[in-house]
Amino acid sequence: MFSEGMTSPGANPHSSSAWRPQPASRGPGAEAGTYAPPRGVAWDAGSVSAGLVTRGAGCPRTMATRAKRRRVAGPAGGGNPDPVAGFLSWCRRVGLELSPKVAVSRQGTVAGYGMVAQESVQPGELLFAVPRAALLSQHTCSISGLLERERGALQSQSGWVPLLLALLHELQAPASPWSPYFALWPELGRLEHPMFWPEEQRRQLLQGTGVPEAVEKDLANIRSEYYSIVLPFMEAHPDLFSPRVRSPELYHQLVALVMAYSFQEPLEEEEDEKEPNSPLMVPAADILNHLANHNANLEYSPNCLRMVATQPIPKGHEIFNTYGQMANWQLIHMYGFVEPYPDNTDDTADIQMVTVREAALQGTKVEAERLLLYERWDFLCKLEMVGEEGAFVIGREEVLTEEELTTTLKVLCMPAEEFREFKDQDGWADDKKEEDSLTITNIPKLKASWRQLLRKSVLLTLQTYATDLKTEQDLLSNKEVYAKLSWREQQALQVRYGQKMILHQLLELTS
């Protein structure tokens, strides 16, 4: 059921906007505006439950042809002429074991540093193992005791403050044991998340996608968290945090880095009621680039984290992890890149819940009908099927919020007397019929009133974009024109186009 506090498949703890299904493997968070879920979270999989969508991992692909996560040249430290050699030496010292069949390299990867197979790899083979002592978290950093003692004062909406303070301290500590690991980080001042785009550009390129609204909430929460919790803590411990790291800009950059590069260990089944695990940095694992159809997967064990091949990887091919089953709007929001159409099989489009209400209101003729519609809507809210900031999530092959959308169409379209009966039974009437099943293939078989309301809702959603589908198709089909677009323009175009293709598929199915 819909829960206003639970959102996106790539939601992040520094934001809190519309409900969307949740991805799982990389990048921390919980809502489309509370930062984003770290890799490894069990949000990336296919059943909708309490606002979380979980799906199984997709079939890996052995080779990619386009850049995924855009890494920029130059490590964060910038001083090491051979950061890979320094990192590998550090790996040996801390017991991080890399298979002789793999190599960390910029050659043969889709984007910046990646991992490439030097020999053929078979499914099930161990690619590398990271001992838990080599993980960087609030529990392993050199100020872990202080962070634990001050845990109550460091609580925040995102839940990331302890890790971010650990990073701020270790970055400026001259003898930090993680310095060789930091040398492989991207250049913080050149991250490509939309939160670093000028506001006008962000709104112009991503209007209608949901990203600008999520970013605005992120930015407000980041500012609040920094000035109310982080800065006072650093000022209270000036011996641990030099003036150069007491910077809102640096904090902003580290939030984006944690959003894109951290992992979150999934809870065990019996721990479902517990708070999610804190995000952590996993050296080596965060080097891998992303594909929806990946060929490796991170496994958690008591002593170490293991990256294991999930399908054959030929010699010379790149090794890809998955950051979770994420739509392109989530990828660009949290990681600063997208998968070009039609590569991202996990892409989705949203129909805002209030848009369906608006479409239904357009069909009312008198005040009594409008009042009855609002009564129906209030009842759906009571059932926790809808909310003012929620969204129905549509994938290419499935409706990820099937229960919520089915119930909403049913309640808004049923005759008045039937609604009274349904309401008296608190919505528990067990009368679901096969023709009411809201799968993509079954949409043409829905009741005419359901299809009409869904169609009107899609048309209203398409009006929120600044351009139409044909404009996007013309840009994508003209390789010369597309090549002249900036990186941001290309990425935003892919987000818009993927969403519009899903929405136009709905138009065809409801016609």
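Reader: Happy to dig in! Which cut-offs and numbering apply here?
Author: Residues are numbered from 1 along each chain as its sequence is written, and side-chain values use heavy atoms, with hydrogens and water left out. Because the model is predicted, local features need pLDDT of at least 70 and totals for chains, interfaces and linings use all residues, while side-chain atom pairs count only at pLDDT 80 or more.

Reader: What span does α10 reach from its first C-alpha to its last?
Author: Helices here are DSSP runs of H or I with at least four residues, numbered from the N terminus. α10 covers residues 367-382, which is 16 residues.

Reader: Why do the buried residues of α10 line one face?
Author: Buried means under 20% relative accessible area, exposed over 50%, and partly exposed in between, with a 1.4 Å probe and protein chains only. The buried residues of α10 are L372, L373, R376, W377, F379 and L380. Taking directions from the helix axis to the C-beta atoms, these buried residues fall within an arc of 160°, so they line one face of α10.

Reader: And which exposed residues does the face turned away carry?
Author: The buried side of α10 is covered by elements including α9, α11 and α12. On the face turned away from that side sit A368, L371 and K382.

Reader: Which residues have the most contacts inside the largest nonpolar core?
Author: A nonpolar core is a set of buried Ala, Val, Leu, Ile, Met, Phe, Trp, Tyr and Cys residues joined through side-chain atoms within 4.5 Å. The largest has 92 residues, and those with the most contacts inside it are F128, L165, L168 and M281.

Reader: How many residues are in the other core, the one with F379?
Author: That core lies apart from the largest one, and V399, V458 and I502 are also among its residues. Its count is 40 residues.

Reader: Why is the pair of Y323 and F337 edge-to-face?
Author: Rings of Phe, Tyr and Trp (its six-membered ring) pair if their centres lie within 6.5 Å; planes under 30 degrees apart count as stacked, over 60 as edge-to-face and the rest as tilted. The structure holds 14 aromatic pairs. The ring centres of Y323 and F337 are 6.2 Å apart and their planes stand at 80°, so this pair is edge-to-face.

Note on methods:
Helices (H or I, at least four residues) and strands (E, at least two) are DSSP runs, numbered from the N terminus. The expected span of a helix is 1.5 Å times one less than its number of residues. Contact means heavy atoms within 4.5 Å.
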